[in-house]
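Come along and check each entry against the view.

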Amino acid sequence: MSQQTEAEILALIQNPNTRDTGFLLLMNTYQKQLYWHIRRLVVSHEDAQDILQETFILVYSHLASFKGESAIYTWLYRIATNECNRHFRHTNFRRQREELLSDTTAELAADTALENSDQILLKFQHAIQQLPNKQRMVFNLRYYDELSYEDIAQILQTSVGTLRTSYHFAFEKIKQYLADHD
Amino acid sequence: MIDQESKFNKFGKELPYTVPTDFFDQLPAKTLLLAKERMDKRRKNRWFIRTLAVLTTAAAAVLLFIVISPLNERQPGSILLSKQKLPIEKVIVPKAQFKSSVQLTNAEVVQKNKPSTELTETENIDDLLRHLSDEDLAQLTAMYGAEDMENDISQETININ
């Protein structure tokens, strides 16, 4: 995301007459990035769609309050991650952790059977799904989105040191899982 | 850490997930519509809550006024009642005492016994009385007072019986 586009979006958003245009431009620019971030965390497409919509609805209602103190994408990622956390809390309230994991695995298998038969990718996703939520978030943001630790620290509102440790633990657990399931 | 990540190179950054076609094309317009609906709903809710708050405050104020106002009215009301009760008690003056106190002038006697609203009638009577002598007037006054007292006393005895 270039700084020019970000400034352009901000200018459109701050003007009440062009707010909707700015919002549409914002969505077109970041929706794919955010969708995959959410999808990697919740796995189900329906859940990812709901969370993404909720994220952008929240963004729309708080557009006026965005002061531009942080980059737009870190702000968007933070809202999306918070929405995912809310989803996890809500789901955990209704179902046990084991049940959720087995559902996730089943969804993964079903999805893969339809489109992608690559067993390596599926196994890698299984390994990531075994991680605790926080470690999964850190790993995904670092590995897939290639964000800096400073950006991830802003998104998850933790220190860089904690993030490095979390990433290291996540990496080791995935490696161990892959070795065990070879 | 980069060396560590290179161990995952064979997995790449691909995901084994699929997305419905046109999903990303349709999503922005749908979301904008939803966001606007949500904003309208919130605005309406906010308006409703504010109106409700104003109405509740007004109702509370009216209730408070209703509760407080009878208390204010009762105080003057109770004074009125006491004022009304006072004339019920009649002071009985002994006849002898009354007779001895008959040393008033003609004008004073007339003014004392007649109500102030009948001033025009008393003016006529004044003219009549002016022609009477002092002795006649004293006798008349004594008679009038005695009759009046006799009436009062007889009325009291009836009430007691």
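The entries below go from the chain contact to single helices and then to helix pairs.

**Entry 1: the model.** I noted before anything else that this is a predicted model.

**Entry 2: where the chains meet.** I looked up the contact between the two chains and found 32 residues of chain A touching 21 residues of chain B. On the chain A side, the elements that give two or more residues are helices H2 (19–42), H3 (45–61), H5 (97–114), H6 (119–129) and H9 (160–180). Which of them gives the largest share? I found that H2(A) does, with ten residues. Sorting this side of chain A by class, I got 16 nonpolar, eight polar and eight charged residues.

**Entry 3: the shape of H2(A).** I went back to H2(A) and checked its span. Its 24 residues put the end C-alpha atoms only 30 Å apart, whereas a straight helix would reach 34 Å at 1.5 Å a residue. Where does H2(A) bend? I found a bend of about 50° at A:Tyr30. Just after H2(A), I noted that A:Val43 has a positive phi of about 70°.

**Entry 4: H7(A) on H9(A).** Two packed helices are described by the angle between their axes and the distance between the axes, so I looked up both. For H7(A), residues 133–143, and H9(A), the axes come within 9 Å and cross at roughly 95°. That angle falls between 65 and 115 degrees, so H7(A) counts as roughly perpendicular to H9(A). From H7(A), I listed A:Lys134, A:Gln135, A:Val138, A:Phe139 and A:Arg142 in the contact. They meet A:Leu163, A:Ser166, A:Tyr167, A:Phe169 and A:Ala170 of H9(A). By class, I have six nonpolar, two polar and two charged residues in this contact.

**Entry 5: H8(A) on H9(A).** Next I took H8(A), residues 149–156, which packs on H9(A) at about 100° with the axes 9 Å apart. H8(A) is therefore roughly perpendicular to H9(A). H8(A) brings A:Tyr149, A:Glu150, A:Ile152 and A:Ala153, and H9(A) brings A:Val160, A:Leu163 and A:Arg164. I sorted this contact into five nonpolar, no polar and two charged residues.

Methods:
Residues are numbered from 1 along each chain as its sequence is written. Chains are lettered from A and ligands numbered from 1 in the order in which they are written. This is a predicted model: local features need pLDDT of at least 70, side-chain atom pairs count only at pLDDT 80 or more; totals for chains, interfaces and linings use all residues. Two residues are in contact if their C-beta atoms, placed from the backbone, lie within 7 Å. Helices (H or I, at least four residues) and strands (E, at least two) are DSSP runs, numbered from the N terminus. Ala, Val, Leu, Ile, Met, Phe, Trp, Tyr, Cys and Pro count as nonpolar, Asp, Glu, Lys and Arg as charged, and the others, Gly among them, as polar. The expected span of a helix is 1.5 Å times one less than its number of residues. The bend at a residue is the angle between axes fitted to the seven residues ending there and the seven starting there. Axes are lines fitted to C-alpha atoms, for helices over the stretch in contact, and angles run from 0 to 180 degrees between N-to-C directions. Angles under 35 degrees count as roughly parallel, over 145 as roughly antiparallel, 65 to 115 as roughly perpendicular and the rest as oblique.
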